Amino acid sequence: MAALPLANDKVGGVTITIEEPELKTVNPAFVQGQTVTLRGGQAEEYVRYRDTGRAQSALVRMERQKTYIKGFLDAARNKSRLDESLIPDLMKEIEPYMVTDMTKDRYLDMALDFLGGNQDFTETDMVTLPGTAVETVIYDEYHPNQEEIMEIMLDWFYRPHE
């Protein structure tokens, strides 16, 4: 999470529309219905906030995080078209926060291919696995539906051998 404000600002900030009224308690700039360009620590405030007094608020937060990811990728794609050094500079800046077994060339190539391509990336490309939200005395739980998840896995990853 420490790299989030760095990455956010490197792409020029991420523009989102505030959907939840309670976000104003986190930051006065987060007014429901307003479009805000998140800067610095606002990015972490936006993606991290969860109302623990509200049942299943983790699911609400996850949907907000999807919105942020989409906005971040749009901002990165737009800025990288104007500044070809954006991706190498961004990766260099966040490298101290990364844990990966990929080589630097590999993850740079992946980022450049994705941002330089024409493939759209929408919130529908981020799937919440099907399941049932359950409230217990202590915790909110999410019980995944194994059969439905298997269908998604087969659809996304299985390719018949030709």
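**The largest pocket and its surroundings**

The lining of the largest pocket divides by class into 17 nonpolar residues, no polar and no charged ones. This description rests on a predicted model. The space in the largest pocket comes to about 400 Å³. Of the 17 residues that line the largest pocket, those nearest its centre are Phe72, Leu73, Leu90, Met91 and Ile94. Two or more lining residues are given by each of helix 1 (4-10), helix 3, helix 4 (86-94) and helix 5 (104-116). Helix 3 provides the largest share of this lining, with five residues.

To place these elements, the whole chain may be considered. The protein has six helices and four strands, and from the N terminus on its elements follow the order α-β-β-α-α-α-α-β-β-α. The C-alpha trace spans about 55 × 50 × 30 Å along the principal axes. Of the 162 residues, 30% count as buried. Among contacts between residues at least 6 apart in sequence, 53% join residues at least 24 apart.

Helix 3 covers residues 57-82 and packs with helix 2, residues 41-48, at an angle of about 140°, the two axes being 8 Å apart. Helix 2 is therefore oblique to helix 3, as an angle counts as roughly antiparallel only when it is over 145 degrees. On the side of helix 2, the residues that take part in the contact are Ala43, Tyr46, Val47 and Arg48, and they meet Arg61, Arg64, Gln65, Thr67 and Tyr68 of helix 3. By class, this contact of helix 2 with helix 3 has four nonpolar, two polar and three charged residues.

Between these two helices lies a loop, and glutamine 56 belongs to it. The phi angle of glutamine 56 is near 60°, which is a positive value in a residue other than glycine. Glutamine 56 is buried, because its relative accessible area of 14% falls under the 20% limit for that class.

By class, the lining of the largest cavity has two nonpolar, one polar and six charged residues, whereas the lining of the largest pocket has 17 nonpolar residues and no charged ones.

One further residue of helix 3 may be noted, namely arginine 81. Arginine 81 counts as exposed because its relative accessible area is 53%, and the limit for that class is over 50%. Arginine 81 is 48 residues from leucine 129 in sequence, and the two are 33 Å apart in space, C-alpha to C-alpha.

Notes. Residues numbered from 1 in each chain as written. Predicted model: local features only at pLDDT ≥ 70, side-chain atom pairs only at ≥ 80, totals over all residues. Heavy atoms only, no water. Axes fitted to C-alpha atoms, helices over the stretch in contact; angles between N-to-C directions. Parallel < 35°, antiparallel > 145°, perpendicular 65-115°, else oblique. Contact = heavy atoms within 4.5 Å. Nonpolar A, V, L, I, M, F, W, Y, C, P; charged D, E, K, R; others polar. Buried < 20%, exposed > 50% of the residue type's maximum accessible area, 1.4 Å probe, protein only. 1 Å grid on protein atoms, 1.4 Å probe; cavity = no way out; pocket = protein on both sides within 12 Å on 5 of 7 lines; lining within 4 Å. Points joined across faces, edges and corners; volume = space filled by probe spheres on them.
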